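User: Please take a close look at one part of this model. Start with a single residue, then move to a sheet.

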Amino acid sequence: MTGGNLMRKVVLAAVGKLEYQEAPIPELRPGWVRVRILRCGLCGTDVHNYYKETIFGKDAYPFNMGHEVCGMVDGVGEGVCDLAVGDKVVVDPIWSCGACRLCHMGQANHCEHKTTIGLMGPSGNSEYTLAPASAVVRTDPEGDPDLLVFTEPVATVLYGLDKLKIDATHDVLIVGAGAIGLIFLQILKNAQLHSLTVADVMEDKLAFAKVLGADRVVNTAVHTDERKYDVIIDCTGSAKVVEEDFKRVRAGAQVLIFGVCPIDSTITLKPFDVYNNDLSIYASYTLTPSAFQRALHLIESGRIDVRALLAGVYPVGRLEECIQAVKAGKVNGKIVIDTTRMF
């Protein structure tokens, strides 16, 4: 922890290069809230950005990395009435204007004027950040920050599931047993489904998925999965895998492309096959404020057991080590960064 009016700011300065800088603590502005960050979840997109596996075409550095934030309100700007210093909060990283056509249509994630915590900075891995009050949500003061950081990833999953029509007759396949795939598993295992399968290429991840409630697991590096599915949820971020998904569909199937593939990747798909199999293809971009609120409720009520997905809590000084472990496929679940500790 730095002293006076300075804080530790974490910046992705270049490909594979994090910097820990001293910077002024953000100054309050009307309608905004200053948050002292307690924890930040490590997202797969953070890993992509670290290795310049660009997902949104972000080639410019420095970049403010980290967006799954839990913290304490440190100060409120003029006009902020519903939050107070000392409140424990989570921060929706998508900041919308609330006034454009898309916001009025309930599509704040596509706001014509949106920005994000990463584009504005400081990042969620820094000691403090500044956010619009509309994006800051009060939590249970007794809530565990290690678990509350799951609010954003759970919200993205809920938003994705909102696209699908799943019922008790369906055989569902989740492709990719990373943190997001396991959140899908956590939510869907309580649904009335005909079967729930998880596919991955890492045996330890599949064993973990089985413990968490998967009916069936498939190691696609070892076995060819001949089963056909009614619903496929792809969490891999691999265009090659997405293309393979369409070989596993039944007539009338739904495919949700959830994992974020590199911006320049492509797949080959025959429109006739989409028509002939009566397929529904969905994508899911980030989250909405509604999904964020629902995710927080699921976590605080215990209806989703995110503690089972907690792969460890590490000080921010070990962030690069954690990124490398995720890249190597050595992490089952989600790593959480303790931003209050350097080591």
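Analyst: Val91 counts as buried because its relative accessibility is 2%. Buried here means under 20% relative accessible area, with exposed over 50% and partly exposed in between (1.4 Å probe, protein chains only). The model is predicted: local features need pLDDT of at least 70, side-chain atom pairs count only at pLDDT 80 or more, and totals for chains, interfaces and linings use all residues. Numbering runs from 1 along each chain as its sequence is written, and side-chain values use heavy atoms, without hydrogens or water.

Val91 sits in strand β5 (residues 88-91). Strands (E, at least two residues) and helices (H or I, at least four) are DSSP runs, numbered from the N terminus. Setting aside neighbours within four places in sequence, Val91 has contacts (heavy atoms within 4.5 Å) that include Val35, His67, Val69, Ala131 and Phe292. Ala135 is another contact of Val91. Their C-alpha atoms are 5.7 Å apart, across 44 residues of chain.

Now the sheet. Six strands make an open, parallel sheet, ordered β12-β11-β10-β13-β14-β15. Two strands pair if DSSP finds at least two bridges between them. β12 (216-219) and β15 (280-283) are the edges, each pairing on one side only. Axes are lines fitted to C-alpha atoms, for helices over the stretch in contact; angles run from 0 to 180 degrees between N-to-C directions.

β10 (residues 171-175) pairs with β11 (residues 195-200) over five bridges, in the parallel sense. Helix α6 (residues 179-188) lies across β10, β11, β13 (229-234) and β14 (249-257). α6 runs at about 155° to β10.
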